[in-house]
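Here is a friendly walk through one protein chain, written for someone who likes to know the cut-offs. Please have a look at the model first.

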Amino acid sequence: MSETGQGASAQSATADREVVISRVIDAPRELVFEAFTEVRHLSRWWGPEGFTTTTRSFEFRVGGEWDFVMHGPDGTDYQEWITWTEIIPPEGIALLHGEYRGDPNTFESVLAFAPDGAATRIEMRTVFPTKELRDEAVEKYHAIEGGQQTLSNLAAYVTEIVRKGVEG
């Protein structure tokens with residue numbers, strides 16, 4: 001197989017650098033999308049089990065940034081930085097995620113929100129700069145489990161909003 005990529009899909013070209021996680025959430029797509037767009041929502045569910053988030057600044061727009069610290073259950077603080085590269089309400093969001101602006105290890109995540117009956121299927125596709133960084137994220141930082149826990153936290157948060165019948 002040639003290295004030129006002729007005839008190869010973009011997916012196969014990045015498959016060894018990707019982590020893909022999906023989940024069906026029993027809530028309307030607009031609400032699931034909104035949970036990603038407002039800091040009052042994000043700070044309530046973002047991150048794996050046992051983590052909390054402190055936001056320093058937040059501007060949800062293409063080119064806007066979210067500067068925040070994730071606090072691990074063991075007391076470790078993780079500096080985080082996200083900038084949004086594409087926003088298509090309520091269908092999708094693309095973002096870059098690193099420790100800081102200009103981080104050479106920044107990775108890209110694309111989130112797709114699709115109706116699934118009355119529920120929403122969310123797919124989070126993360127592409128790392130190298131296979132080694134992907135493997136490190138999976139093995140050392142448990143990216144797959146952490147991503148699944150994060151979507152689980154999102155599901156619990158938005159289904160509680162639906163159950164209460166309020167959006168706040």
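The notes below cover the overall build, the aromatic rings and one histidine.

## About the model

This is a predicted model, in which local features need pLDDT of at least 70 and side-chain atom pairs count only at pLDDT 80 or more, while totals for chains, interfaces and linings use all residues. Residues are numbered from 1 along each chain as its sequence is written, and side-chain values use heavy atoms, with hydrogens and water left out.

## Overall build

The chain has 5 helices and 7 strands; helices (H or I, at least four residues) and strands (E, at least two) are DSSP runs numbered from the N terminus. In sequence order the pattern reads α-β-α-α-β-β-β-β-β-β-α-α. The radius of gyration is 16 Å, close to the 15 Å from the globule rule for 168 residues, so the chain is as compact as a globular protein of that length. That radius is taken over C-alpha atoms, and the rule is 2.2 Å times the number of residues to the power 0.38.

Along its principal axes, the C-alpha trace spans about 55 × 40 × 30 Å. Of the 168 residues, 39% are buried, where buried means under 20% relative accessible area, exposed over 50% and partly exposed in between (1.4 Å probe, protein chains only).

Across the whole structure, a search finds 12 aromatic pairs. Rings of Phe, Tyr and Trp (its six-membered ring) pair if their centres lie within 6.5 Å; planes under 30 degrees apart count as stacked, over 60 as edge-to-face and the rest as tilted. Phe36 and Trp45 make an edge-to-face pair, at 4.9 Å centre to centre and 70 degrees between the planes. Trp45 also pairs with Trp46: the centres are 5.6 Å apart and the planes at 55 degrees, so this pair is tilted.

## A buried histidine

His97 lies in strand E5 (residues 92-98) and is buried at 8% relative accessibility.
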